[in-house]
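Student: Could you take me through this model, one question at a time, and give the cut-offs behind each term as it comes up?

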Amino acid sequence: MATRVLYMEERRGQEPDPCYAREFDASVIDRGPDFVILDQTLFYAEGGGQPYDTGVLRGGEAESKVLRVMKDKGVIKHYVDRMPMGTAVHGIVDWGRRYKHMRMHTSQHLMSGLVFRIYGARTVGNQIHTDYSRVDFQPANFTPEDLKRIEDETNSVIESKQEVRIFEEDRVVVHNKIEDRALLDLIPESVRRLRVIQIGSADYCPCGGTHLKNVSEIGRVRVTEKRSKGRETDRIVYELVPP
Ligand SMILES: [Zn+2]
């Protein structure tokens with residue numbers, strides 16, 4: 001039995017928006033020496049350059065700390081400091097950490113989309129953190145003026161307060177609309193319906209991550225460093241200034 005991933009469920013005017021929900025009830029359906037598998041979860045499992053969520057699982061009087069959440073052959077494992085009592089648990093996500101990741105991840109969508117549109121450079125790697133992030137672009141050899149432009153264009157979309165749209169679309173439709181088809185090659189052919197993220201005309205791509213409702217929540221992007229990673233690959237490091 002697969003774990004139902006609650007933050008991925010389609011937005012239909014739910015309150016709170018699934019990506020903004022912090023607490024949930026679940027049942028323990030399996031357990032290992034130091035982890036539990038739940039029937040449903042709001043915890044993000046590490047992947048796609050985004051770190052895992054932390055938080056707690058409460059079962060009766062006892063509380064277990066969720067130390068990390070990993071995907072193991074498609075199975076989401078919540079590693080805990082001690083086993084919850086019984087099978088019914090109440091999960092609470094550490095919201096400070098998760099929200100910083102949502103702001104970083106959404107800003108990375110925006111920057112990757114804009115850089116592809118302006119320079120034709122693909123995102124070939126990325127790692128976000130709570131305090132800074134890095135994105136690797138190829139082919140790229142950015143000048144200081146390019147970095148300034150990337151920062152400015154990203155901030156101008158943020159200032160325009162674009163809504164982040166999330167919806168499901170047929171793979172065929174996505175294939176016809178997407179500019180960088182390499183993004184589609186990463187998703188197994190068997191997946192015919194895709195969860196798509198769209199930020200105005202700046203970004204359109206399939207993604208299973210956690211996103212803001214509106215880019216205005218990002219704040220401002222400040223590029224702090226560029227490093228050449230060889231073979232026409234440039235790494236951009238940036239941080240966020242709160243709104
Ligand atoms: Zn995403």
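**Contacts, domains and sheets**

Tutor: Of the contacts in the chain with a separation of 6 or more, 61% are between residues 24 or more positions apart, where a contact means that two C-beta atoms, placed from the backbone, lie within 7 Å. This is a predicted model, in which local features need pLDDT of at least 70 and side-chain atom pairs count only at pLDDT 80 or more, while totals for chains, interfaces and linings use all residues. Residues are numbered from 1 along each chain as its sequence is written.

Student: What radius of gyration does the chain have, and why does it agree with a compact globule?

Tutor: The radius is taken over C-alpha atoms, and the globule rule is 2.2 Å times the number of residues to the power 0.38. Because a compact globule with 243 residues would come near 18 Å, the value for the chain agrees with it, at 19 Å.

Student: How many Å separate the centres of domain 1 and domain 2?

Tutor: The chain is divided into domain 1 (4-93) and domain 2 (98-241), with bounds that come from an automatic or database domain assignment. Across the two, 13 residues of domain 1 are in contact with 16 residues of domain 2. The centres, taken over C-alpha atoms, are separated by 26 Å.

Student: In the open sheet of 3 strands, which are the edge strands?

Tutor: Helices (H or I, at least four residues) and strands (E, at least two) are DSSP runs numbered from the N terminus, and two strands pair if DSSP finds at least two bridges between them. The sheet has the order β11-β12-β13 with antiparallel pairing. Each edge strand pairs on one side only, and these are β11 (164-170) and β13 (203-206).

Student: What angle does the direction of helix α1 make with that of β12?

Tutor: Axes here are lines fitted to C-alpha atoms, for helices over the stretch in contact, and angles run from 0 to 180 degrees between N-to-C directions. Helix α1 (residues 95-119) packs on the sheet and touches β11, β12 and β13, its direction making with that of β12 an angle of about 80°.

Student: Which residues form the uncovered face of strand β8?

Tutor: Strand β8 (residues 88-93) is joined to strand β2 (residues 23-31) by 5 antiparallel bridges, and to strand β5 (residues 55-59) by 4 bridges, also in the antiparallel sense. Its covered face holds Val-89, Gly-91 and Val-93, whereas the uncovered face consists of Ala-88, His-90 and Ile-92.

Student: Is Val-173 buried or exposed?

Tutor: Val-173 is found in helix α3 (residues 171-177), and its C-alpha atom lies 9.6 Å from that of Arg-193, 20 residues apart in sequence. Because Val-173 has 12 other C-beta atoms within 10 Å, this residue is exposed.

Technical notes
Buried ≥ 20, exposed ≤ 12 C-beta atoms within 10 Å, placed from the backbone.
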